[in-house]
Every structure is written in structure tokens, then in C-alpha cells.
Amino acid sequence: MNAKGLLRLIAIAVILMPLGGCWNSRELNELAVVSGIGMDLVPETDEYRVTFQLVNPTSTATSASPGSGKPGVVVVSATDKTMFGALRRASKHVTRQLFFAHTQLIVLGESLARSGINDVFDIFERSHELRLNSAILVARGSDAASVMKLLTAVESLPALGLVKKTQNTSRVWGENRTISVFDVIKGITGEGDLTINAVKINGDAEEGKKNSNLEQSETPTKTMMNGLGVFRQGKLLYWMKDSEARGTEWLLDKIEETVINIDSEYKKESIAVNVIYSRTEVRTSMEGGLPVFHVTIAEEGSVNETDSFVDLGNREEILKLERELEKQTRDEVMQAFQKAQELESDIFNFGNELKRKNPQVWATLDKDWGRLFAQGRLDLHIKGYIRSTGMSLKPYIPEGK
Amino acid sequence: MDNRTQQSADAAQTAGSTSQQANNSPISTQLEETIRAIQARLGNSPDLVVRTYDLINRSARVAAVYMTGITDRGMVEDFISHVMSFQALNDGAMLAVTPEEVHSYIKENALSIGKEKLVKDINGLLEALLSGDTVILINGLGEGVSGSTCGGEVRPVTEAGTQVAIRGSKESFTETISTNIALVRKIIKNPDLWTETMKLGDITHTDITIMYIHGVADEETIKVFKKKLQEIKVDSILESGYIEQIVEDNKYSPFPTLYNTERPDSVAGNLLDGRIAIFVDGTPFVLIAPTTFFMFFHTVEDYYQRYDISSLIRMLRFVCLIISMYGPAIFVAALNFHQEMIPTPLLINLASQREGVPFPAFVEAVMMEITFEIIREAGVRMPSPIGQTVSIIGGLVLGTAAVQAGIVSPAMVIVVSLTGISSFATPAFNMALSIRMLRFVIMGIAAFMGLYGIAIFTIMLIAHLCSLRSLGVPYMIPMGPFVPENLKDTFIRSPISFMKLRKRLQTNTGSTSASPKGASKRKSDER
């Protein structure tokens, strides 16, 4: 390359570069980072009211500027017929352009959930900014806006706090699982129905908006994970709680860890078994025109607490505990299954399994699946195993107590 | 000193033909006339010393001519005393001698200090004088005898200032070419270590020596390179950088294609790899050619430390290369175009830092980078006692104060300083400079086009690197062309027992040079 050619190349490059014109370039301090989105239905007008939780960078924990002390988020709402319309309409309230790539959480208001959620998720798939892995919750007994507005202790971003709450309880308690927008879309498009984690406000929602709510060791208003909302054809039908919810997770193979209290000889529910491993396998078959669901659950646990005497050094006792563990699990699973049958809502994705296994048969069942599911039989096999008894065998409690 | 005299004698012969000066008259038979002619040509310079002696009853008149300062006083005295011993030997025995007798005596016996040679014309005489020779002129004879008495003040061999090694030889080259050559000879004691000398620079007549190991270095490359050197037509060669810039294959590339070092062990190692070393009188920086891109990221110490540590440190250097080239660019691109790429907590952290910063991220980055370059340059040029203080204070005060004043964000200071430090982790300073220069280009592209632009630029850069050649050797060897054998000593440094073959500087295909004879040979015990 000679000098002239090189100069030409440089000139062309320099001229061409600005033609891109910094397209799509946005400075961080010109963006309003949206941490959470709440969606409600305005019943009278059939419009969406979309609530945005925006991060207020000046008052986050790392910032030393005078803004500290103010809440970490700012909440604005906008109403429109479409989601996108609403989020552009929000510009009337916000100084900066909304930025959705870091949306952690989507909350659906109960009214919207009851009237049907199947239509609202298109924008999540279509937009390059909105994420499909944002967590999703249904507000139980309130609108999504109040959940968005609620400040949380410890976490400066309430949306992030709620996501962490979901993850935390999913990991160690098992009534919930982390459900993302993608899972919901999969549930809507797939066979069967879906469940979404429910969140409930305890206390006065108005008080929860204020910073003063946080200035106490126990916050008077707080959010709490509250089982699962069961949807059929995209409409909220029923709130599952406690063992029903856990049974559902069990059937969905989403149990990571959970605790089951087992009766001892002397005291009811006095032995805490921590389930540390659980795998669920599902097979389906048709018998006499009705589906049969063969479910095998293998679980492992460790005894973490005994509040009454049990001789854990004795192999027989351990086996007894294992049988008891299986029985308890069976109870919970059956509760969940029966409830789902009652609702004619296949929230366990058995339909998907059947379709995958036997597409021809599925084609005949497809239309009537809800009813068929309700008549299906659960062939449940559970294999419980106690892996360890912690750091001691016999409890210090004397025999007979 | 043996070495030195040999050098200058060779040099004088080579340069004799290239001398371009006019009024080249033969040496007059009249001594006085010759001396006058020399003085006239040198502009009556006071450092010219002429000592005349009348020998054997004034039958022979002899003059010793030399320049003070560039000659060794003791050697001059020694040299002249031989002339005196001639007188003592024949005292009383002879009444008169002819100039021819004096001459032949000097030739046969006297010049035991070094190889003598005859000068027949004024130009040759001047050249010998200016190379530090002492010339003996005999009245009545149009011929002088010169003997090397080169000396004068030289800097002793000291520790390397630019290429420091924790372990390994502490010697570094000096400004004297003969010392430098000797330093390498001390390492490679092999008759195959060949040197060739020439004088370059029409005014400066600088001594240039090329050194290679016969049988290891590629003959074709040596021939091509020598031809290139001989074609050089410049007034002056003041430093090896002159040669580097003239013989470079691709002058418009930002990347250096010649390596320079002031470590004799580095030169020795490269010679053993089949490379050529170019010594230039007056500089401790010896050029090495041909080079490869990856050579600039290797140090001699890699071979002295154990292989595992060396390999890790080498990989670290390549990480530093990427940081120093792309650090601010990726930061700017992520901040301006790809906010979704940054993990949420980090994004919020960065956003809160950037709150109140009045400039776009790119301006901020350029500002800090330029500040860093100013501090660096000032630190280099400043007298050493204050240089370091100023750079530290400059860095601290500017960095901290700028952040507190809200002009720049703390994260940017971190990125810029990390980049700055990384660029110093490249062992070769000239390569580090090239990378530093490119960093600004990439930053600009990142500000306009984000990661997309960075990717395009990188593709272009790699294409360019692959197109480069250093003395006909592909610059990106062993990656492009791919030479698996060399990979043992590129990104990692495998144990010495694994490296049985010499590094290949040529590929079998697509090369105009001779086949890589080095590749099939067993490596010598040195490396």
C-alpha cells in the first residue's frame, strides 16, 4: 500500500464513521432504568394501566451524593390500549427515556389475571429490549401498581427484592419456583395450563409507599410470597397454597429443597426432614380412553431436627421415617393433583408429555383435554431415602418423651 | 581490543570505496605538505595532534598523527614508542636510513598492537584518523602506516535500563559496538557466529555490524537484508532506529516489524532462532530481524523461569494486550450501546456514578486517556529526580480530584488506569506504543458504532497483521500461517525438553525464501 492509498483509506474511514451517526447511542444518564413493570386492567375502558418502577441512580447504595435517603425507585403509571402505547405515554411523566433491558420483574394485577393474560406477552417476545427471563408474579388481592409502589427493607430495588424473595423461597421451601415470562409464554402456547407465583401485600398498601415504612425493625407493610395462581385458558381460577402448591412443584420436578415434618411415636410432626434432592419422572399412557400418568418421585432427605425421641441409630427407625416421608409426599402430591382435576386444569404439563409420546392419540384428545385430564388416573410411585441424620444419631431427649 | 582493531580495519576497507569526498589527492612525499593538507581538511581542529621525530641522525623524519579524545592515550604512546625503539636499536650502528627502510621496519616489527595498514591518499588517511587510528607518515614516502589506537571515553557495561529481568544476566549493551559484539560472543562461543561490517551514513560513517549464526540463519534472508542495508543512502545514522525505519517492509503499518533489545542474552537467543542481529555504533539498542508479532510479547526471562510460571505470565501478557487495546473501547461501547450487556447491579452502580457527569462517556474516556498520556510523557522527559514524583502526584491528584469534582466517573478512572498499567506489561516498548496509539482509534470507532464497530475493526486489524512481513517472514507466524510446532513457544512456554525443534520462521508453502533448514535440526543446547 502506498501513502496515497493509505491516506484515501483513512479519509474514507473517517468520513464513513460519522455516517453511522452514533445510531442508538445512549448515555447512561439519559436512561431511566426500569426495574419492574406492573400490569393492571382498567375495567371500565378495557385499557392497560402499566406501572413502571424506575431506578433512581442518585439514591442507590453506592452513591454518596446528597440524594441518599430518598427511595431507590420512582414509580410512574400510564394507561393505554396497548402495552407499547402505555410505555411511550409514560414519557409524559418521566424525564428520561425508559430502558427495559434490565426489567427484573413483571407483576400482573389480579383483575387482569382474572380477565385473561394470554394477550399481553407479545411485546416481550417482539421487543429487543424487554427480556424473556424477567420473573413474573401475580398480585393476590391487589392491583399490580400497589406491589410496584411498595418499598422493601434491605433491598434498595423493590423489584429485585421480590425476585430474590421468589428465588430464595423456591430454593429452600419449594412452594414456588422461579417463573419467567418465557415460561409463561411456553405455558400459554403449549398444551395444558400454567401456574404463576402469587405475591400478597400484608398491611396497608398506602403506607408501604413511604420511606417511613422502612424506618422500623419490622416493616408494617410488606410483600409475601403466597403460593401459586392457577390459570386455565389464561384466566386466573384459583389460588393454591401450602401443600397444594408444593405438590404442584413436586409434580413439575421443581423441588430443590424443602422441609417435611414427620410424626414420631410420641409427638406429631416433630421430626423435620430436609429434602435435599428430588427428581420426578413422568410418563403417560392411555387406558380405556382415559389417560394414566405414571409419576415416579425419588427423593432424598436428611433429618435436621427431632423434637421427640427417635432412635436414629436403628436402621428400622430410619426405614420407618422413609416410609413416612413417602406418605407425606404422596399426600401433598395427591392434594395438588385432585385440585387440578377439580379445576380441569392441567398445570403439570402432562398434556405436553402425552403429545410428545403419542402425537396421533393426542390429536384426538386435544379438544377435550381438560375434561379427560380431570378423569385421568395418577399412578404415583415415591421412593424416599434418608441420607443422613446430621451430626448426631440419638437425640438428647430421653426415650418416651 | 583485538576485536576492535579488526572491526575498524574491515570497516575502513568497506568504506573506502563508498567515500564520496572530492579532492582526493595522493599523500605527498613531503611530510610538511601532507600535514598541512590534513590540517586544512580538518579545519585546523585543535584535537588533531601531530608529533614529529627526527631519527637516526636526522636522516629520517617521521610524524605521528592522531586525534585526541577518540584515541587511547596509552596505545598511542605504545605505538609511538615502537618508532622510538627503532632508533634505540640502531643507535650508533647506522648513520643514515632511507624512508623505505623505516617503513619496512615499522611494517614488520613495530605494530604489534594491531593490524597495521597502508594509507595512500588523503581521504584514506583522514578516515583512519577519524576512526581513532594513529597514522605514521614518513618524509619522502607517499604512504602512511596506520595502526588502530581507538579508545576514548566509553560507558561501562551496566544493568539493562529498559528490559529488566528478575532472573538472568544483568549485562546490557553499551554505546560501543565492539563491546556489544564481544558481549554476544561471550555467550555463543561458536565459530559459526559470523559478523559482517559496513559503514553507513555519508557524513557520520557509522559502523554497522550484522551478526548471525551461519547455518542457522536463512542465507536468502541474510542476502536480502545485506542488499537492503547497502542500498541505504542517508547522511547520518545516529541510532538503530534510523536503520529500522529505512529497512522496514511496511512503512505505513502501525506495528513495528523490527525488534530492538539492549540485552545480550536476548540477542543470543534470537540468533539461535535463526534471526539476524544488527549492531549500530553509538547505541545500546540492537535490532533483530525478522520478527513475528508474538515475539514482542516474549521476554528472555520466560526461558529462565520454570515453564508453568512462564506460561501463565505469557498468557497474562496477552490478556494485558487485549485490555490495553480494547479496555476503554469496550467500556464506552457497553455504556453507550449495549447497556443490556452489563449485569443489572453493575449497571445501576455505574449509572449512579455517572449521575452528574457532564460529558458523554467517550469524551470522558478520551480526556482521561490523554491526561494519562500527558503524565506518562512528562514523567519520561522530566529530570529523573522529579519525574517520578510528578507522575505519581499527577495521577493521584488528577484522578481523585477529577472524580470528586464530578468531571469523570470513578469507574472510568479505574478503566483508564487499568489500561495504562496493562500497556506497560508489554515487554517491547515499541509494540506497547503502537497498541496505545490504536487504542484511541478503537475508542473512536466504539463511540460511533459500539461493539459492532470494534468487531469490524478487529477483523480489519487481523487482516492487516496477517498481511505484514518482516524480511519476508510472515508477521503472524505461527498463527497465520499456522505452524503447530511453534505453538509450544507462543502463547505458552512448554518445558525446554519438549522444544526439540527450532522455531520455524518460514513455511514450506508460499515463501520465496529457502526451505527452513533450521526446522529440522535439533536445537542447540542454549535454548
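Mentor: Two residues are in contact when heavy atoms of theirs lie within 4.5 Å. The model before us is a predicted one.

Trainee: Among contacts in chain B between residues at least 6 apart in sequence, what percentage join residues at least 24 apart?

Mentor: Chain B is built with 17 helices and 12 strands. Counting contacts in this chain between residues at least 6 apart in sequence, the share that joins residues at least 24 apart is 68%.

Trainee: What percentage of the residues in chain B is buried?

Mentor: A residue is counted as buried when its relative accessible area is under 20%. Of the 527 residues in chain B, the buried ones make up 50%.

Trainee: Are Lys227(B) and Glu231(B) buried or exposed?

Mentor: The side chains of Lys227(B) and Glu231(B) meet in a salt bridge of 3.5 Å, N to O. The limit for an exposed residue is over 50%. Lys227(B) has 52% relative accessibility, and Glu231(B) has a relative accessible area of 52%, so Glu231(B), like Lys227(B), is exposed.

Trainee: Which residue forms a salt bridge with Glu206(A)?

Mentor: Glu206(A) is partly exposed, with a relative accessible area of 48%. The closest N and O atoms of the pair are 3.4 Å apart, and the partner of Glu206(A) is Lys209(A).

Trainee: How many salt bridges are found over all chains?

Mentor: Some salt bridges are linked in a network, one of which joins Glu369(B), Glu373(B), Arg376(B), Glu377(B), Arg381(B), Arg436(B) and Arg439(B). Over all chains, a search of the whole structure gives a total of 46.

Trainee: Which residue of chain A meets Arg354(B) in a salt bridge?

Mentor: Chain A contributes 29 residues to the contact with chain B, and chain B contributes 25 residues. The two chains bury about 2,400 Å² between them, 63% of it on carbon and sulfur atoms. Two salt bridges are found across this interface. At 3.3 Å, N to O, the side chain of Arg354(B) meets that of Glu27(A).

Trainee: Are helices α9 and α10 of chain A roughly parallel or roughly perpendicular to each other?

Mentor: Helix α9(A), residues 242–251, packs with helix α10(A), residues 315–343, their axes being 7 Å apart and at an angle of about 95 degrees. Angles of 65 to 115 degrees belong to one class, and α9(A) and α10(A) are therefore roughly perpendicular.

Trainee: How many nonpolar residues does the contact of α9(A) with α10(A) include?

Mentor: The residues that make this contact include Trp250(A) and Leu251(A) of α9(A), and Val333(A) and Phe337(A) of α10(A). The contact also has five polar and four charged residues, and its nonpolar residues number five.

Trainee: Which residue is 44 residues apart in sequence from Ser180(A) and 5.5 Å apart in space, C-alpha to C-alpha?

Mentor: Ser180(A) is found in the loop between α6 (158–172) and α7 (181–189) of chain A, and is buried, with a relative accessible area of 13%. Leaving aside neighbours within four places in sequence, the contacts of Ser180(A) include Leu132(A), Asn133(A), Ser134(A) and Ala135(A). The residue at 5.5 Å is Ile136(A).

Methods
Residues numbered from 1 in each chain as written. Chains lettered and ligands numbered in written order. Predicted model: local features only at pLDDT ≥ 70, side-chain atom pairs only at ≥ 80, totals over all residues. Heavy atoms only, no water. Salt bridge = Lys/Arg side-chain N within 4 Å of Asp/Glu carboxyl O. Buried < 20%, exposed > 50% of the residue type's maximum accessible area, 1.4 Å probe, protein only. Axes fitted to C-alpha atoms, helices over the stretch in contact; angles between N-to-C directions. Helix = DSSP H or I, 4+ residues; strand = E, 2+ residues; numbered from the N terminus. Parallel < 35°, antiparallel > 145°, perpendicular 65-115°, else oblique. Nonpolar A, V, L, I, M, F, W, Y, C, P; charged D, E, K, R; others polar. Buried area = accessible area lost by both parts, 1.4 Å probe.
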